[in-house]
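User: I am new to this structure and would like to go through some of its charged residues step by step. Please show it first, and then I will ask my questions.

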Amino acid sequence: MTATSWRVAGGLLDLSRPLIMGIVNVTPDSFSDGGRFLDGSAALAQAQRLAEEGADILDVGGESTRPGAADVPVDVEIARVVPLLDALRPLRIPLSVDTSKPGVMRAALDAGAAIVNDVRALQAEGAADAVRESGCGLVLMHMQGEPRTMQADPRYDDVVREVGEFLHGRVAALAAAGIASERIVVDPGFGFGKTVRHNFTLLRGLPALVARGRPVLAGLSRKSMLGAVTGRAVGDRVPASVAAAILAVERGARIVRVHDVAATRDALQVWTALREERGEGQA
Ligand code: HH2
């Protein structure tokens, strides 16, 4: 059975209802909002807005992972995320840092982050050591290749099986390295070294990943797979993103990582009401 709670620094998050992780990018080049919130006060205002709209977690990122994004030195990334984490702490909402760098992980945890979200699943040298003692929650994501080249020619024999085996291999390796599995949520990594077809196969196959036992996070918001089917530019993908979030939750995802919190919240409330109406208890 899949766990119904997630241990993060400072306590347990209840996953008996789906949670919304709101995205706060402090980057010049993120694929959907790059540069909009690079100025710290704009990022703070955006984060506060997402919290007011009902985000359960705020995910702060100082480095874009879009295909072809530039590398960011560790001190630059720290200078982007730590002041924002400091400013957000009074909101008393769990804060996550989206990074693969051990130095940024340590600085963010010192600044009060409760969760480390790593698109490289803690494979960087020193990453597991950086998070071990803190008790923080962890999001481990699957990616084939590296952001610069990952969309060149992604290949799988069976994408659902391979992604699941990779993620649960990481859960096992980290358990052996002294990191409790109850701290870990897994994420198939939509758009990270996957064709549009691979992404939809993964969305359809989400129940198989859920069945492996760790809670699943899905990040589909505004992604190019949605542009491919709707023909819409990034800024016009809100309805498609909300639909994708609901489809992921319907297939067992317990956390959705989104740019558009208010719209996602409304849709999840409808989903929850229907769930309760069917007499299946809490969604
Ligand atoms: N997607 C992005 C970044 N981080 N983390 C997880 N766990 N899952 C995802 O799907 C995921 C992620 C890409 O989205 P965004 O943060 O908006 O863009 P960028 O990486 O260009 O900053």
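**Charged residues and their partners**

User: With which residues is Lys194 in contact, leaving aside its neighbours within four places in sequence?

Analyst: This is a predicted model, in which local features need pLDDT of at least 70, side-chain atom pairs count only at pLDDT 80 or more, and totals for chains, interfaces and linings use all residues. Residues are numbered from 1 along each chain as its sequence is written, and side-chain values use heavy atoms, with hydrogens and water left out. Taking contact to mean heavy atoms within 4.5 Å, and leaving aside neighbours within four places in sequence, Lys194 touches His142, Met143, Gln151, Pro154, Tyr156, Val163, Pro188, Gly189, Asn199 and Leu202.

User: Which side chain of opposite charge is nearest to Lys194, and how far away is it?

Analyst: Lys194 sits in the loop between strand E8 (184-187) and helix H6 (196-204), where helices (H or I, at least four residues) and strands (E, at least two) are DSSP runs numbered from the N terminus. Lys194 is buried, a term for under 20% relative accessible area, with exposed being over 50% and partly exposed in between (1.4 Å probe, protein chains only).

User: Which side chain makes a polar contact with the side chain of Lys194?

Analyst: A polar contact is a pair of N or O atoms within 3.5 Å; within protein, one must be able to donate a hydrogen and the other to accept it, and residues adjacent in sequence count only if both atoms are side-chain atoms. The side chain of Lys194 reaches the backbone oxygen of Pro188 at 2.8 Å, while its side-chain partner, at 2.9 Å, is His142.

User: How many residues apart in sequence are the parts tied together by Arg257 and Asp98?

Analyst: Arg257 and Asp98 form a salt bridge whose closest N and O atoms are 3.1 Å apart. Arg257 lies in strand E10 (residues 255-258) and Asp98 in strand E5 (residues 95-98), so the pair ties together parts whose separation in sequence is 159 residues.

User: Is Arg222, which meets Asp260 in a salt bridge, buried or exposed?

Analyst: The side chains of Arg222 and Asp260 meet at 2.8 Å, N to O. Because its relative accessibility is 10%, Arg222 counts as buried.

How values were computed:
Lys and Arg count as positive and Asp and Glu as negative; His and the chain ends are not counted. A salt bridge is a side-chain nitrogen of Lys or Arg within 4 Å of a carboxyl oxygen of Asp or Glu.
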